[in-house]
Amino acid sequence: MVEAGGSNPPGPIGDGMKATAKANANIALVKYWGKRDEALILPHNSSISMTCDAMETVTTVEFSENYDTDTAIINDEELHSDQKRVYDHISLIRKMAGIKEKAKIVSESNFPVAAGLASSASGFAALTVAAAAAAGLKLSEKELSIVARQGSGSACRSIFGGFVEWKKGTKSSDSYAEQIAGKDHWKDFRMIATIVKEARKAVSSRSGMSQTVKTSPYYGGWLSSIEEDLKGMREAIRSKNFTAAGSLAEYNALKMHCTMMTSKPPIIYWTPATVEIMNAVREWRQDLESYFTMDAGPNVKVMCLKKDEKELRQRLSELDGVVKTISCAPGDGSSVSKNHLFD
Ligand code: DP6
């Protein structure tokens with residue numbers, strides 16, 4: 001149970017209710033790609049991810065009658081108009097709590113946003129936990145996962161730490177994430193986010209997956225092979241079989257990208273640097289076991305074991321197209337924090 005308010009119990013309505021939460025990003029090992037219900041964000045397939053300890057978003061939300069309108073400042077920038085869904089999410093939580101006060105939201109991530117680096121996952125998980133606490137809602141982790149899902153699908157997985165499965169469910173109330181294994185289960189697993197370009201991605205995952213579902217002739221193949229991938233990944237995580245987990249994650253990501261590339265018009269997130277990293281990882285595999293995965297952007301995430309982390313980061317940093325690497329171990333789920341981002 002995540003106590004809404006936690007160490008920051010909300011004050012009486014009208015005096016302002018404020019809370020801060022932090023959430024880590026997660027990277028999917030078996031991807032979520034495609035919605036069967038776009039309004040409720042119900043996915044066509046279940047997915048499995050690792051919560052990443054080095055990619056965090058911190059968000060403070062305050063509801064107060066002193067605010068005339070909802071405002072949000074994300075990484076020092078006033079909210080972009082295409083991020084209206086942040087305000088929709090606040091409205092959803094306000095409705096659940098039965099309050100009317102407008103909100104001030106300030107959010108900071110320690111990694112580049114909107115470049116296929118799962119910023120919406122940590123962003124909406126932190127927003128959900130902070131806003132629920134500020135609004136005085138007492139929600140279980142399962143309930144927080146259901147609410148976070150409605151902001152951004154992948155965010156439902158960032159409520160939990162370690163290795164996590166989002167079960168697609170049959171309706172909104174049973175489509176939520178659950179932990180498969182805690183962060184200490186497989187301490188040696190590393191996910192190295194390799195940044196090739198800090199620019200915003202061209203096609204959002206939201207519109208990209210919608211277009212794929214509607215137009216790719218390969219989407220059926222994606223769905224018909226997903227249960228096998230999920231089963232294989234659960235087993236690989238339980239038995240800590242790195243070869244099985246890495247090769248399956250790589251294969252699953254390539255299958256997802258094939259559905260994107262065969263949608264109309266085609267969506268190709270890869271840049272020359274993306275392909276350079278993919279090729280290098282495959283070549284290095286002879287003496288350094290590593291695997292890649294990519295999401296809705298040009299950046300590549302490279303998986304390895306702790307013993308190879310230093311050498312792999314060194315090799316990655318020597319590639320032409322690589323700007324930066326961020327190395328992540330399995331991390332914690334989201335939590336309420338005492339340190340507000342504004343007074
Ligand atoms: C490729 O969760 O960002 O990263 O639900 O529309 O907000 P919305 O999409 P989002 O999609 C993530 C897609 C992915 C794969 C994954 O994280 O499982």
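Q: Which element gives the most to the shell around the ligand?
A: Helix 4 (residues 205-215) does, with three residues. Helices are DSSP runs of H or I with at least four residues, strands are runs of E with at least two, and both are numbered from the N terminus.

Q: What kind of model is this, and how is it numbered?
A: It is a predicted model: local features need pLDDT of at least 70, side-chain atom pairs count only at pLDDT 80 or more, and totals for chains, interfaces and linings use all residues. Residues are numbered from 1 along each chain as its sequence is written, and side-chain values use heavy atoms, leaving out hydrogens and water.

Q: Which residues of helix 4 are buried?
A: Buried means under 20% relative accessible area, exposed over 50%, and partly exposed in between (1.4 Å probe, protein chains only). In helix 4, Gly-208, Met-209, Ser-210 and Thr-212 are buried. The buried residues of this helix pack against strand 2, helix 5 (219-224) and helix 7 (242-261). Contact here is heavy atoms within 4.5 Å.

Q: Which residues come nearest to the ligand?
A: A residue is near a molecule if one of its heavy atoms lies within 4 Å of it. There are 18 residues around the ligand, and Tyr-32, Lys-35, Ser-152, Gly-153 and Ser-154 come nearest.

Q: Which side chains place polar atoms by the ligand's oxygen atoms?
A: Arg-157 has a polar side-chain atom 2.8 Å from a ligand oxygen. Arg-206 has one 2.8 Å from a ligand oxygen too. For Asp-295, a side-chain N or O atom lies 3.3 Å from an oxygen of the ligand. The ligand taken alone exposes 460 Å², and the protein buries 94% of that. Those areas come from the Shrake-Rupley method with a 1.4 Å probe.

Q: How many aromatic pairs does the structure hold, and how is a pair read?
A: A pair of rings is described by the distance of the centres and the angle of the planes. Rings of Phe, Tyr and Trp (its six-membered ring) pair if their centres lie within 6.5 Å; planes under 30 degrees apart are stacked, over 60 edge-to-face, the rest tilted. The structure holds six pairs. Take Tyr-32 and Trp-166: their centres are 4.7 Å apart and their planes at 65°, so the pair is edge-to-face. Tyr-32 is in the loop between strand 1 (17-30) and strand 2 (35-37), while Trp-166 is in strand 8, 134 residues apart. Tyr-32 is buried at 10% relative accessible area, and Trp-166 is buried at 0%. Elsewhere, ring pairs link Phe-163, Trp-186, Phe-189, Phe-242 and Tyr-291 into a cluster.

Q: Is Glu-165 buried or exposed?
A: Glu-165 is buried, because its relative accessible area is 3%. It lies in strand 8 (residues 163-166). Its side chain makes a polar contact of 2.7 Å with that of Arg-234.

Q: Which residue other than glycine has a positive phi of about 55°?
A: Most residues other than glycine have a negative phi, and most peptide bonds are trans. Ile-41 has that positive phi of about 55°. Ile-41 sits in the loop between strand 2 and strand 3 (42-43) and is buried at 2%. Asp-76 also has a positive phi, near 65°. Asp-76 lies in the loop between strand 5 (71-74) and strand 6 and is exposed at 70%.

Q: Where is a cis peptide bond?
A: It joins Lys-264 and Pro-265, with omega about -10°. Pro-265 lies in the loop between helix 7 and helix 8 (272-284).

Key
A polar contact is a pair of N or O atoms within 3.5 Å; within protein, one must be able to donate a hydrogen and the other to accept it, and residues adjacent in sequence count only if both atoms are side-chain atoms.
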